[in-house]
Amino acid sequence: MAPKRKGHWLKWPVAAATAVACLWLVFNIYATGQAVWAVGALVLFAVGFFVYFANVAFPYRYLFPGLAGMAIFVLFPMLFTMQIGFTNYSSANLLTQERAAAYLLEQMAPGEGEPYAFTLHAEGTGYRIIVAPKQDEEPDAAKAAELQKQTFVTPPLALISPRPPGVIVMLPLAEGSFQPNDPLPLAEVLKRRKVLSELQLKLPDGKVLSYAGVREFGVLEPVWKRNDDGSLTLLKTGQVAKPNPQSGFFEFEGGEKIQPGYKVGIGWGNYARMVNDPEFRGPFFTIFLWTVGFAGLTVLFTLIVGCTLAVLLNWEALPGRTVYRTLLFLPYAVPGFISILVFKGLFNQNFGEINAILDALFGIRPAWFADPFLAKTMILIVNTWLGYPYIMVLCTGLIKAIPSDLYEASAIAGAGPLTNFFRITAPLIIKPLTPLLISSFAFNFNNFVLIWLLTGGRPDFLNTRVPAGTTDILVSYTYRIAFQDSGQNFGLAAAISTVIFFLVALLSMANLRLAKVQADPAK
Amino acid sequence: MPMVTGRNERWRLLAAHAFLWALIALTVFPLLAIISISLRPGNFATGSLIPEQISFEHWKLALGMSYQAADGSLVQPPFPVLRWLWNSVKIAAISAFLIVAISTTAAYAFARLKFRFKSGILNSMLLLQMFPAVLGLVAIYAIFETIGSYVPAIGIETHTGLVLAYLGGVATHIWTIRGYYDTIPVEIEECAKVDGATHWQAFRYVLLPMAVPILVVVFVLAFVGGIIEYPIASVLLRQEHNLTLAVGSQYYLYQQKYLWGDFAAAAVLSGLPITLVFLAAQRWIVSGLTAGGVKG
């Protein structure tokens, strides 16, 4: 029998309040037209409530926060990325078709209509603008009364540039309480020309006026008109622009594209580009090879250094092993981004300490960041420095588990340390070590931070359209395509991401299989 | 321990010591160099490695104080390093705490409760964890932009948003903790249940106190993971006073504005506490590492 805790009576009111808050949020999202996001949020909240109030789902009460976190911040971005990979999403095709059309329909340009004359009046610290249809000659009395009806005034304006966007609604002068004082002289108007040109004034009949000269405001007319079939007509010339679902632009008859573009699905287009476009394929394969080489060599070098050290530090005749171990563990304890940046400075060609030493000893100053081969060498040196303590720690643990009578027996047989290592130690640790080495490979395959902070992928290839560097690995290349390249091609970056993900997933599936095979006989 | 030793033992020992010291020299060189550089006057001087003249100008800047340069002008700190350090520590500590809370409960379900899709969820978690965050950045940015337009407190440019984003990375930690729970005999909890404890009480008052060592490991690993995380933080945080240390530090070493000495002091100042935490927790971390976590 569970003891009744205090605060139990609070459970239902709190739950109800939470439910109302959640529904309110969902409704708000839905109200702004984001139906997909709203459904997603609703499902998430519903699952949450089901898990915590239905008895069937009891174990999931423990799981829900963790699984929800993973679903939102790992699984969903992954699926979303895969979906983006099938679209032309980029900085040129950023909006949805609806929004792109709406953007075009909002465009206004000075039209043919009769201009309005305006005068600027000071009122307190603000200003008012009065507009009236422009007259060429002095109006007679009847006309003046007619004119009075068509004279409009703005509310007081601050006239400070830059103005917040938005349309200012004007009221008929006759209806307001403002008594026009003397208009400001031309010099004052000229002083405020810049902010006046930012204004958009809306008349009660819907016409929008904008600054057209020091004495007049012109009528603004929409540039585009929407047709029933979804195409747009350019009002000035009567040309029709049709939405092109392949390119994601509104296009004229001749194929001329109108900015901004919108996001459309392009099927396997990004993948086809990876394989077919020679300008793209070249660097892509070079980068792929370097990525594999970088990850493979890193694992190899860290394994050699780490394993050697582990063997040495397990040698019980060696005094001072704890000191050695702590000192050799240091690279692992320093935060990675700091040591990478430290190396970036130390390797600097002109001011770096490494070149100062090399210069003093051999009289050379290698260009670590300008020469592709040297840059790659430097990356491998730095990554070995960063990575060997991890392998050392792993190997130490594994070597400790080897029964010492094996070495006893080999010593009696007169075997040296090398024989010991290759006949006893290596065969015994290689099996449990393999899955860990594969994870290490997969980690380095995606070691974005190292490349990004050390070289940023540079030096670049000279002859590519999409910027690509000789030290770029696939992830840093993808990052550049998505965030650095002038095109910001999210679609292409997402397609490459998907490929990388499947490569890594294959690798780790093989790894799981391997680990399982080894774990089973041990049980 | 082998009792039979070879004849060349002495020479081998000497060789081993020499080799180890050579390696240690290579390992420690960058760390000592950066300390010496932080004490050297000026940002460009390539003087000797042991500074002939000690100057605290870079340290003053790193600590947020301005100093009087030789020509009389007042030099202001280029970046708010202490602020960045505080941001980093705050974000990492909160996210590590939440990660521990989330993953202990989830690991409990995986280790002790029976439910459908258990092994399926466990294995797909491992695969999911292989998807590096840097590949999903566009999507992550889109998510936080959308969330932020409804709940501004967890949108772009907020630390809460970043903490939330880090909560996605619990898979490895759940695996680690589950492995530890498996080594604790289930009978103890069953006894508690016989005495009338609920599932939650058995977990909270019986299992959890026994799992404290692994919780410390996971906390430290998650904390360090939060400190060194770069890609997500670089996309979600842009304003200078908002940055974490991992994102901010790189601004010291721009080609156009190369602040080598200032960077050195900032790096030592901010790297030292984290290094010390890591060294202090080394004993526990090493056991956690062999369970499969890789640090970057």
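The model is predicted, so local features need pLDDT of at least 70 and side-chain atom pairs count only at pLDDT 80 or more, while totals for chains, interfaces and linings use all residues. Residues are numbered from 1 along each chain as its sequence is written, chains are lettered from A and ligands numbered from 1 in the order in which they are written, and side-chain values use heavy atoms, with hydrogens and water left out.

**Cavities**

Rolling a probe the size of a water molecule over the atoms shows where empty space is left. Here a cavity is a set of points, on a 1 Å grid over the protein atoms alone, where a 1.4 Å probe fits but cannot get out, and lining residues have an atom within 4 Å of a point. Grid points are joined across faces, edges and corners, and volume is the space filled by probe spheres set on the points.

For the lining classes, Ala, Val, Leu, Ile, Met, Phe, Trp, Tyr, Cys and Pro are nonpolar, Asp, Glu, Lys and Arg are charged, and the others, Gly among them, are polar.

| Cavity | Volume | Lining by class |
|---|---|---|
| Largest | about 70 Å³ | 11 nonpolar, four polar, no charged residues |

Helices are DSSP runs (H or I, at least four residues) and strands are E runs of at least two, numbered from the N terminus.

The second largest cavity is lined by chain B residues, including Trp84(B), Tyr252(B) and Phe263(B). Helices H3 (81–112) and H13 (260–280) of chain B give two or more residues each, and H13(B) has the largest share, with four.

**Cores**

A nonpolar core is a set of buried Ala, Val, Leu, Ile, Met, Phe, Trp, Tyr and Cys residues joined through side-chain atoms within 4.5 Å. Buried means under 20% relative accessible area (1.4 Å probe, protein chains only). The largest core counts 184 residues, and Phe280(A), Leu328(A), Tyr477(A), Tyr181(B), Tyr252(B) and Phe263(B) touch the most other members. H3(B) contributes the largest share, 15 residues. Domain 1 (16–84) and domain 4 (275–519) of chain A both give residues to this core, so it lies between them; the domain bounds come from an automatic or database domain assignment.

Setting aside neighbours within four places in sequence, Leu328(A) is in contact (heavy atoms within 4.5 Å) with residues of both chains, among them Tyr388(A), Met392(A), Leu20(B) and Ile24(B).

**Domains and one loop**

The C-alpha centres of domains 1 and 4 of chain A lie 39 Å apart, yet four residues of domain 1 are in contact with seven of domain 4.

Where does Leu318(A) sit? Leu318(A) is in the loop between helix H9 (278–313) and helix H10 (321–333) of chain A. Leu318(A) counts as buried because its relative accessibility is 3%. Beyond neighbours within four places in sequence, Leu318(A) is in contact with residues including Leu312(A), Leu13(B) and His17(B).

Methods:
1 Å grid on protein atoms, 1.4 Å probe; cavity = no way out; pocket = protein on both sides within 12 Å on 5 of 7 lines; lining within 4 Å. Buried < 20%, exposed > 50% of the residue type's maximum accessible area, 1.4 Å probe, protein only.
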